[in-house]
There are 2 protein chains.
Amino acid sequence: MSAAEETPGGEDMPWGEVTPEAARRLLVAAVEAFAERGYHATTTRDIAGRAGMSPAALYIHYKTKEELLHRISRIGHDRALEILRAAADRDGTAAERLADAVRSFVRWHAERHTTARVVQYELDALGPEHRAEIVELRKQSDGAVRRIIDEGVEAGEFVVPDVPGTTVAVLSLCIDVSRWFNTQGRRSPDEVGALYADLVLRMVGVQK
Amino acid sequence: MSAAEETPGGEDMPWGEVTPEAARRLLVAAVEAFAERGYHATTTRDIAGRAGMSPAALYIHYKTKEELLHRISRIGHDRALEILRAAADRDGTAAERLADAVRSFVRWHAERHTTARVVQYELDALGPEHRAEIVELRKQSDGAVRRIIDEGVEAGEFVVPDVPGTTVAVLSLCIDVSRWFNTQGRRSPDEVGALYADLVLRMVGVQK
DNA sequence: TCGATCTCTAAGCGCTTGCTCACCCTCGTT
DNA sequence: AACGAGGGTGAGCAAGCGCTTAGAGATCGA
């Protein structure tokens with residue numbers, strides 16, 4: 001390891017920013033449990049057990065079970081928004097940027113589909129203030145995609161009669177990947193990403 | 001009422017086939033509660049309360065809480081499959097039939113989004129045998145859509161490099177409507193259906 | 001009029017839940 | 001050697017869970 005304070009696994013390790021290590025183990029265990037059985041069906045004993053700790057250990061690092069979900073949701077949404085913004089801010093035609101956004105967004109939802117499932121489908125389990133915070137992040141994701149489509153229409157690259165509606169459809173299509181994607185399935189995350197990028201370009205009227 | 005044995009509301013009333021009336025009231029209450037809070041977060045006391053009955057009354061009509069979910073899921077999936085098959089079996093070009101399938105399927109997911117949310121997103125809460133039964137119905141839905149796309153490709157109407165992948169994407173797009181659709185929102189079920197039918201025709205390469 | 005049948009309730013059982021508390025063990029520092 | 005701080009545990013509390021049971025009331029054919 002090059003830097004003294006670097007986290008094991010490097011900066012790109014998922015959950016690398018969560019410290020100390022016991023807190024990260026609990027969080028990873030919670031992601032798995034929430035993804036498998038849903039937030040409400042998961043017990044704090046199950047989470048602690050998966051992390052190899054006693055039920056009481058959870059409450060040293062997190063005030064409540066809901067705070068655990070919030071931390072997961074927050075980190076996941078930050079990452080999702082980062083991915084979309086990176087694609088939107090690139091150089092290139094609108095078609096290139098939209099394809100890039102869909103490809104990387106879908107790849108994330110497929111590769112990290114356990115995390116994504118929790119992030120995208122357990123929103124209602126959050127408390128009111130936490131939910132409001134996350135909803136705001138979602139609006140920004142919507143904005144990033146809409147911006148690309150708007151610019152494509154303006155540049156004459158896209159033919160889109162209903163930009164807000166198409167934006168919702170594109171995001172919805174990508175997000176739902178985390179529901180049906182299965183590691184045992186036939187397709188790799190890269191393949192699904194490529195397929196979806198092609199489908200979305202067709203949706204906005206790009207001719208090949 | 002014209003026929004002696006007719007159910008109030010007529011044949012097209014949702015849940016009209018569920019009798020007696022108390023059982024239907026409980027089922028409708030369960031749909032609302034499951035859609036709002038999720039299956040696991042919903043208590044049998046809450047369901048009975050919404051139906052204006054005591055907690056014990058639920059067990060006169062249903063053996064367990066899971067049986068209630070299964071009944072809802074079964075009826076909903078039957079209806080969804082019926083909609084897709086009706087469109088697939090119509091006369092007309094593949095494009096017309098695909099547009100019809102998407103339009104009516106999306107309209108159902110928007111109009112009855114509380115029901116659809118339970119039907120589409122609470123699959124994992126079912127027991128193993130019940131889940132297997134429902135998964136089989138889903139495969140048939142996939143088959144109905146795939147058939148239309150296959151025929152469109154064969155007839156030269158569609159240009160689709162990856163038929164199975166596109167089928168999954170089309171169904172996924174429609175199903176996810178039940179997650180984000182809101183009655184207070186700007187669009188009517190008809191409008192979303194029309195938008196989505198257009199987007200899907202673009203996905204399969206139909207030129208306008 | 002009488003019991004049979006069906007629907008529904010009040011009360012509550014056995015269990016699990018999220019979470020707490022008193023205490024212990026392992027440290028780095030003095 | 002003594003200490004304080006903080007991560008960890010075993011036991012368990014109050015509350016809420018799905019579900020059961022004994023019995024009340026309403027309805028109806030014989």
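In this predicted model, 52% of the atoms of DNA strand C within 4 Å of the protein belong to sugar or phosphate, and the rest belong to bases. Around DNA strand C there are 16 residues, and the closest of them are Thr43(A), Tyr59(A), Lys65(A), Ser54(B) and Ile60(B). By class, this surface consists of seven nonpolar, six polar and three charged residues.

Phosphate oxygens of DNA strand C are approached by backbone and side-chain atoms of chain A. A backbone N or O atom of Thr42(A) lies 3.1 Å from such an oxygen, a polar backbone atom of Thr44(A) is 2.9 Å from one, and an N or O atom in the side chain of Tyr59(A) is 2.9 Å from one. Two elements give two or more residues to the surface near DNA strand C: α2 (44-50) of chain A and α3 (58-61) of chain B.

DNA strand D also has 16 residues around it, of which His61(A), Thr43(B), Thr44(B), Arg45(B) and Tyr59(B) come nearest. Of the atoms of DNA strand D within 4 Å of the protein, sugar or phosphate accounts for 52% and bases for the rest. The surface near DNA strand D divides into seven nonpolar, six polar and three charged residues.

| Residue | Protein atom | Distance to a phosphate oxygen of DNA strand D |
|---|---|---|
| Thr42(B) | polar backbone atom | 3.2 Å |
| Thr44(B) | polar backbone atom | 2.9 Å |
| Lys65(B) | N or O atom in the side chain | 3.0 Å |

The elements that give two or more residues to the surface near DNA strand D are α3 (58-61) of chain A and α2 (44-50) of chain B.

The relation between the two protein chains may now be considered. Chain A is superposed on chain B by a rotation of 180° with 0.0 Å of shift along its axis, at an RMSD of 0.0 Å. This is the relation of a two-fold axis. The same surface serves both copies, since 100% of the contact residues of chain A recur in chain B.

Which residues touch the most other members of the largest nonpolar core? Among its 82 residues, they are Tyr196(A) and Tyr196(B). Leaving aside neighbours within four places in sequence, Tyr196(B) is in contact with Ala169(A) and Ser172(A) of chain A, and with Val102(B), Val106(B), Leu173(B), Val177(B) and Trp180(B) of chain B.

Methods
Residues numbered from 1 in each chain as written. Chains lettered and ligands numbered in written order. Predicted model: local features only at pLDDT ≥ 70, side-chain atom pairs only at ≥ 80, totals over all residues. Heavy atoms only, no water. Least-squares fit on C-alpha atoms with pLDDT ≥ 70 in both. Contact = heavy atoms within 4.5 Å. Core = buried A, V, L, I, M, F, W, Y, C linked by side-chain atoms within 4.5 Å. Buried < 20%, exposed > 50% of the residue type's maximum accessible area, 1.4 Å probe, protein only. Near = heavy atom within 4 Å. Polar contact = N/O pair within 3.5 Å; in protein donor to acceptor, adjacent residues only side chain to side chain. Helix = DSSP H or I, 4+ residues; strand = E, 2+ residues; numbered from the N terminus. Nonpolar A, V, L, I, M, F, W, Y, C, P; charged D, E, K, R; others polar.
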